[in-house]
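Please read them with the sequence and structure open.

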Protein chains: 2
Amino acid sequence: MFSLSEENYLKAIFHLERSYPTGVSTNALAEEMSTKASSVTDMIKRLSEKKLVAYKKYQGVKLSKFGRETAVEVIRKHRLWEVFLVDKLGFAWDEVHEVAEQLEHIKSDKLIKELDRFLDFPKRDPHGDPIPDSKGNFVTSNKVLLAELKKGESGICIGVKDSSPEFLQYLDKNNIALGQLIVILEKESFDQSMLINLNGKELKISNVISSNLYIKTS
Amino acid sequence: MFSLSEENYLKAIFHLERSYPTGVSTNALAEEMSTKASSVTDMIKRLSEKKLVAYKKYQGVKLSKFGRETAVEVIRKHRLWEVFLVDKLGFAWDEVHEVAEQLEHIKSDKLIKELDRFLDFPKRDPHGDPIPDSKGNFVTSNKVLLAELKKGESGICIGVKDSSPEFLQYLDKNNIALGQLIVILEKESFDQSMLINLNGKELKISNVISSNLYIKTS
DNA sequence: AATATTATTTAGATGAGTCTAAAAAAGCTT
DNA sequence: AAGCTTTTTTAGACTCATCTAAATAATATT
Ligand SMILES: [Mn+2]
Ligand SMILES: [Mn+2]
Ligand SMILES: [Mn+2]
Ligand SMILES: [Mn+2]
């Protein structure tokens with residue numbers, strides 16, 4: 001059983017490994033955890049002693065198999081709780097993350113097993129992120145940022161890259177939701193802003209927005 | 001916002017105040033918290049600085065109004081989560097306490113408000129204990145230990161004093177559940193054991209058992 | 001009232017997790 | 001290759017929550 005801090009570091013390393021395939025740097029981890037590099041070094045040493053990460057001085061960290069399994073389990077719990085909060089308690093999708101950050105650390109195998117069943121084994125959380133199953137397997141869907149599409153192309157919105165309350169509330173305000181068809185009517189070459197069609201209505205969105213919306217491709 | 005440890009101490013003091021109306025002793029608190037008296041003294045000083053308890057050296061502690069409100073809120077959360085686990089996730093009543101000990105420390109006003117609504121504002125937890133409402137008010141029912149009743153008397157079982165898994169499993173095994181009518185057929189003066197009628201069936205129970213079952217009186 | 005026992009507090013240490021400041025290593029420039 | 005900059009690690013300190021051992025206060029016994 002690991003501490004709340006240890007679990008949070010494992011999650012952070014897991015997420016950063018995509019951008020740092022050769023090893024997550026101390027500074028990147030410090031940034032992600034909103035802490036100091038020296039604290040990260042301390043924690044990395046602890047995680048290394050517990051065989052959760054592979055660490056060599058000045059080389060960054062990588063999750064071990066064990067560490068990755070642990071991280072995925074915490075992520076599974078986080079996302080299941082997010083589904084619970086939205087589907088059962090009526091939270092909005094921009095209100096769930098903070099609470100899930102706490103709930104993900106509750107230790108009980110039975111709890112998470114029964115919660116999963118109660119929610120009818122959901123495959124995705126309210127932000128479109130995949131939920132690992134009890135064995136740690138999860139779908140990796142073919143997605144691309146809306147910003148990468150060209151004029152005339154279209155696709156279904158299936159997730160958000162930024163899931164901050166601010167961004168999610170912007171989407172709500174403009175009636176952009178997961179599952180919706182988006183057609184690119186115009187794309188401005190100067191600032192990459194787009195005119196899109198959404199439910200028959202036209203909407204102008206900046207590159208900041210289109211760079212944080214995932215579209216299903218295949 | 002208080003730490004997990006602080007909240008647990010407040011709960012313990014709250015429960016012990018019934019037995020120690022003039023002030024909860026350091027040793028009693030150490031016993032309840034499974035820790036050492038010196039640790040208790042340290043914590044009491046912290047709680048006192050935060051105005052959660054009134055403390056004078058060698059005099060024991062009492063909760064302040066603020067401290068009592070905080071304790072009651074934690075107890076409210078604990079019991080609501082226990083209802084959730086039993087009613088929604090299918091936990092048995094002897095499996096919920098440990099998990100609720102963790103869940104009671106989750107910080108989110110909205111979460112507990114919506115959970116309460118989701119559970120349809122339950123008045124009692126799975127062990128018959130009253131659940132404080134959002135203002136901290138809860139019913140204090142007229143109850144008496146089964147052991148205090150005499151031959152020929154009867155009443156409805158409404159709660160347990162000991163809610164350890166071992167005791168609860170004993171009750172399950174003997175089909176004793178909350179809400180049931182219990183009639184005392186015989187009472188042995190030597191060891192206080194009883195012969196009771198339960199759903200038409202006769203059952204012999206020891207004083208250890210009857211001293212941990214609450215019966216509704218008025 | 002003096003003494004013995006018990007309860008409580010103090011003193012000092014430990015471990016987890018964090019911090020700042022300083023040292024050391026790695027990576028870039030020229 | 002030497003020097004400069006950035007990154008990372010080390011050293012030392014702090015808080016919270018705990019512990020053991022010792023000191024002190026309160027209570028009980030004779
Ligand atoms: Mn989240
Ligand atoms: Mn999410
Ligand atoms: Mn309980
Ligand atoms: Mn209970």
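1. Some terms come before the helices. Angles under 35 degrees count as roughly parallel, over 145 as roughly antiparallel, 65 to 115 as roughly perpendicular and the rest as oblique. Axes are lines fitted to C-alpha atoms, for helices over the stretch in contact, and angles run from 0 to 180 degrees between N-to-C directions. Helices (H or I, at least four residues) and strands (E, at least two) are DSSP runs, numbered from the N terminus.

2. This is a predicted model, in which local features need pLDDT of at least 70 and side-chain atom pairs count only at pLDDT 80 or more, while totals for chains, interfaces and linings use all residues. Residues are numbered from 1 along each chain as its sequence is written, chains are lettered from A and ligands numbered from 1 in the order in which they are written, and side-chain values use heavy atoms, with hydrogens and water left out.

3. Two packed helices are described by the angle between their axes and the distance between the axes. The axes of α2(B) and α3(B) come within 8 Å and cross at roughly 105°. The two helices, α2(B) and α3(B), are therefore roughly perpendicular to each other.

4. Which residues of α2(B) and α3(B) meet? From α2(B) they are B:Thr26, B:Asn27, B:Leu29 and B:Ala30, and from α3(B) they are B:Ala37, B:Val40, B:Thr41 and B:Ile44; contact means heavy atoms within 4.5 Å. The contact of α2(B) with α3(B) has 5 nonpolar residues, 3 polar and no charged. In this scheme Ala, Val, Leu, Ile, Met, Phe, Trp, Tyr, Cys and Pro count as nonpolar, Asp, Glu, Lys and Arg as charged, and the others, Gly among them, as polar.

5. Now DNA strand C. A residue is near a strand if one of its heavy atoms lies within 4 Å of it. There are 20 residues around DNA strand C, and A:Thr35, A:Lys36, B:Lys45, B:Tyr55 and B:Lys57 come nearest. Of the atoms of DNA strand C that come within 4 Å of the protein, 77% are accounted for by sugar and phosphate. The surface near DNA strand C consists of 5 nonpolar, 10 polar and 5 charged residues.

6. A side-chain N or O atom of B:Tyr55 is 2.4 Å from a phosphate oxygen of DNA strand C. For A:Arg46, a polar side-chain atom is 2.9 Å from a phosphate oxygen of DNA strand C. B:Asn27 uses a backbone N or O atom, 3.0 Å from a phosphate oxygen of DNA strand C. Two or more residues of the surface near DNA strand C come from each of α1 (4-16) and α3 (37-49) of chain A and α2 (26-33) and α3 (37-49) of chain B.

7. What are the nearest residues around DNA strand D? Of 20 residues, they are A:Lys45, A:Tyr55, A:Lys57, B:Ser3 and B:Thr35. Sugar or phosphate makes up 76% of the atoms of DNA strand D within 4 Å of the protein, and bases make up the rest. B:Ser3 has a polar side-chain atom 2.5 Å from a phosphate oxygen of DNA strand D, and a side-chain N or O atom of A:Thr26 is 2.9 Å from a phosphate oxygen of DNA strand D.

8. Chain A has an open sheet of 6 strands in the order β3-β8-β4-β5-β6-β7, with antiparallel pairing (two strands pair if DSSP finds at least two bridges between them). Because β3 (143-145) and β7 (201-205) of chain A stand at the edges with a single partner strand each, one side of each is left without a neighbour in the sheet. The twist averages 45° from one strand to the next.

9. Within that sheet, β5 (residues 181-187) and β6 (residues 194-198) of chain A pair in the antiparallel sense over 5 bridges. A:Ile182 has A:Leu198 in β6(A) as its bridge partner. Helix α7 (residues 165-173) of chain A packs on the sheet and touches β4 (154-160), β7 and β8 (213-216) of chain A. The direction of α7 makes about 145° with that of β4(A).

Definitions and conventions
A polar contact is a pair of N or O atoms within 3.5 Å; within protein, one must be able to donate a hydrogen and the other to accept it, and residues adjacent in sequence count only if both atoms are side-chain atoms.
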